[in-house]
Amino acid sequence: MTLEIGQTVELVRTYTGQDMLEFANLSGATAQAPETVPGPLIGGLFSYLLGVRLPGRGTNYLKQSLEFLAPAPVGRELTATVTVTRLRPEKHLVDLETVCRTSDGTRICQGRALVYVEDVGRA
């Protein structure tokens, strides 16, 4: 796939109460499951998209910034999106915007990612 500015991929995911219990157990906080989706799970959606879909295999994370704007409700559909905003083939760098919204369009998280891709022209 050739990368282009404006190229976008998204992933839709609904985290359940059971997911929150499993997260609590894995994180060692077994006393109580989170009432909202924790930031690391939202960040994981972006990691998946960057490493598997866009740019995809061979992508190396260099930098990620996330700003959490609203709680992510458990049991509601979340849509994570990454969009290519800048290509720097001479340095093998790709800048991307990262956004996560609820099904009603509420923006719960936004940020930027910088990744290294060996062949920016063919990812």
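Biologist: Which residues have the most contacts inside the largest nonpolar core?

Modeller: Ile42, Val82, Val94 and Leu96. That core has 26 residues. Keep in mind that this is a predicted model.

Biologist: Which elements give two or more residues to this core?

Modeller: Helix 2, strand 3, strand 4 (93–102) and strand 5 (107–116). Helix 2 provides the largest share, with 6 residues.

Biologist: Take valine 82. What is in contact with it, leaving aside its neighbours within four places in sequence?

Modeller: Gln7, Thr8 and Val9 are among its contacts. Phe46, Leu49, Leu50 and Leu54 are in the list too.

Biologist: Switching to charges. How many salt bridges does a search of the whole structure find?

Modeller: It finds 3.

Biologist: Start with arginine 88. Where is it?

Modeller: Arginine 88 sits in strand 3, which covers residues 77–88.

Biologist: Buried or exposed?

Modeller: Arginine 88 is buried, because its relative accessible area is 14% and the cut-off for buried is under 20%.

Biologist: And which residue does arginine 88 meet in a salt bridge?

Modeller: Aspartate 95. The N to O distance is 2.9 Å. Aspartate 95 is buried as well as arginine 88.

Biologist: What else is in contact with arginine 88, beyond its neighbours within four places in sequence?

Modeller: Besides Asp95, the contacts are Leu93 and Leu114.

Biologist: Next bridge. What does arginine 76 pair with?

Modeller: Aspartate 104. Their closest N and O atoms are 3.5 Å apart.

Biologist: How accessible is arginine 76?

Modeller: Arginine 76 has a relative accessible area of 32%, so it is partly exposed. Aspartate 104 has 53%, so it counts as exposed.

Biologist: And what does aspartate 19 form a salt bridge with?

Modeller: Arginine 13, with the closest N and O atoms 3.2 Å apart. The two side chains are also joined by a polar contact of 3.2 Å. Aspartate 19 counts as buried at 18% relative accessibility. Arginine 13 is partly exposed at 30%.

Biologist: Where does arginine 13 lie?

Modeller: In strand 1, residues 8–14.

Biologist: Which residues is arginine 13 in contact with, leaving aside those within four places in sequence?

Modeller: Asp19, Leu45, Arg76, Glu77 and Leu78. Glutamate 77 is 64 residues from arginine 13 in sequence. Their C-alpha atoms are 5.7 Å apart in space.

Biologist: Let's do helix 1. Which residues are buried there?

Modeller: Asp19, Met20 and Ala24. They share one side of helix 1, because they cover an arc of only 140 degrees around the axis.

Biologist: What do the buried residues of helix 1 pack against?

Modeller: Strand 1 and helix 2.

Biologist: And which exposed residues are on the face turned away from the buried side?

Modeller: Asn25 and Leu26.

Biologist: What happens just after helix 1?

Modeller: Glycine 28 takes a positive phi there, about 90 degrees.

Biologist: Where does glutamine 32 lie?

Modeller: In the loop between helix 1 (17–27) and helix 2 (39–53). Glutamine 32 is exposed, because its relative accessibility is 55% and the cut-off for exposed is over 50%.

Biologist: How many Å apart are glutamine 32 and glycine 51 in space?

Modeller: 31 Å, C-alpha to C-alpha. In sequence, glutamine 32 and glycine 51 are 19 residues apart.

Biologist: Last topic. How many disulfides does the structure hold?

Modeller: It holds 0. Cysteine 100 is in no disulfide, and the nearest cysteine sulfur is that of cysteine 109, 6.4 Å away. Cysteine 109 is in no disulfide either, with the sulfur of cysteine 100 as its nearest.

Biologist: Is cysteine 100 buried or exposed?

Modeller: Cysteine 100 is buried, with a relative accessible area of 0%. Cysteine 109 is buried too, at 0%.

Technical notes
Residues are numbered from 1 along each chain as its sequence is written. This is a predicted model: local features need pLDDT of at least 70, side-chain atom pairs count only at pLDDT 80 or more; totals for chains, interfaces and linings use all residues. Side-chain values use heavy atoms; hydrogens and water are left out. Helices (H or I, at least four residues) and strands (E, at least two) are DSSP runs, numbered from the N terminus. Buried means under 20% relative accessible area, exposed over 50%, partly exposed in between (1.4 Å probe, protein chains only). Contact means heavy atoms within 4.5 Å. A disulfide is a pair of cysteine sulfur atoms within 2.5 Å. A nonpolar core is a set of buried Ala, Val, Leu, Ile, Met, Phe, Trp, Tyr and Cys residues joined through side-chain atoms within 4.5 Å. A salt bridge is a side-chain nitrogen of Lys or Arg within 4 Å of a carboxyl oxygen of Asp or Glu. A polar contact is a pair of N or O atoms within 3.5 Å; within protein, one must be able to donate a hydrogen and the other to accept it, and residues adjacent in sequence count only if both atoms are side-chain atoms. The arc is that of the directions from the helix axis to the C-beta atoms.
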